[in-house]
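Subject: Structure handover

Dear colleague,

Here is the structure you were expecting. My notes on it follow below.

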Amino acid sequence: MLQDIAQRYLPELDRTMRAVVALAPNAPDFDTMLQYPLGWVDENGRAYDRPTGKRIRPLVVMLCAEAAGGDW
């Protein structure tokens, strides 16, 4: 069930968030500060080789919006 939900929402979520992060100023460690909370890199800026649990909250928000009749 969670796997199905993740496959439905995460690709669009990642595309949107990567587009937003790409607009950020190019400053030392700024990329890490933006990418870490999204679960893309660890605290040292290294990319994760497996999914993290940090994307559960955005999935829940998207599901709530859809359940309330909104356009996620």
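**Salt bridges**

R8 and E66 form a salt bridge, with their closest N and O atoms 2.8 Å apart. The term stands for a side-chain nitrogen of Lys or Arg within 4 Å of a carboxyl oxygen of Asp or Glu. This pair links distant parts of the chain: R8 is in helix α1 and E66 in helix α3 (residues 56-67), 58 residues apart. E66 has 28% relative accessibility and therefore counts as partly exposed. Buried is used here for under 20% relative accessible area, exposed for over 50%, and partly exposed for what lies in between (1.4 Å probe, protein chains only).

Please keep in mind that this is a predicted model: local features need pLDDT of at least 70, side-chain atom pairs count only at pLDDT 80 or more, and totals for chains, interfaces and linings use all residues. Residues are numbered from 1 along each chain as its sequence is written, and side-chain values use heavy atoms, with hydrogens and water left out.

The structure holds three salt bridges. One of them joins R15 to E12, where the closest N and O atoms are 3.0 Å apart. R15 and E12 are separated by about one helical turn, because they are three residues apart in helix α1. R15 is exposed, at 51% relative accessible area, while E12 is partly exposed at 33% relative accessibility.

Another salt bridge is formed by D42 with R46, and here the closest N and O atoms are 3.1 Å apart. D42 is buried, with a relative accessible area of 11%, whereas R46 counts as exposed at 52% relative accessibility.

**Overall layout**

The protein has three helices and zero strands, and from the N terminus on its elements run α-α-α. Helices (H or I, at least four residues) and strands (E, at least two) are DSSP runs, numbered from the N terminus. Along its principal axes, the C-alpha trace spans about 40 × 25 × 15 Å. Of the 72 residues, 21% count as buried. Among contacts (heavy atoms within 4.5 Å) with a separation of 6 or more, 34% come from residues 24 or more positions apart.

**Surface and charge**

The accessible surface of the protein comes to about 5400 Å², and 58% of this belongs to carbon and sulfur atoms. Accessible areas come from the Shrake-Rupley method with a 1.4 Å probe; for residues, only the protein chains shown count as cover.

L2, I56 and V60 make a nonpolar surface patch of about 250 Å². Patches are made of residues with over 30% relative accessible area and no salt bridge, with like charges joined within 9 Å and nonpolar side chains (Val, Leu, Ile, Met, Phe, Trp, Tyr) within 5 Å. L2 is placed in helix α1 (residues 2-22).

The protein has 8 positive and 10 negative charges, and their mean positions are 3 Å apart. Lys and Arg count as positive and Asp and Glu as negative, with His and the chain ends not counted; the place of a charge is NZ of Lys, CZ of Arg, CG of Asp or CD of Glu.

**Two further residues**

D14 is found in helix α1 and counts as buried at 18% relative accessibility. Leaving aside residues up to four places away in sequence, D14 touches W40 and R55.

M1 lies in the segment before α1 and is exposed, at 77% relative accessibility. M1 and P58 are 57 residues apart in sequence, and C-alpha to C-alpha they are 16 Å apart in space.

Regards
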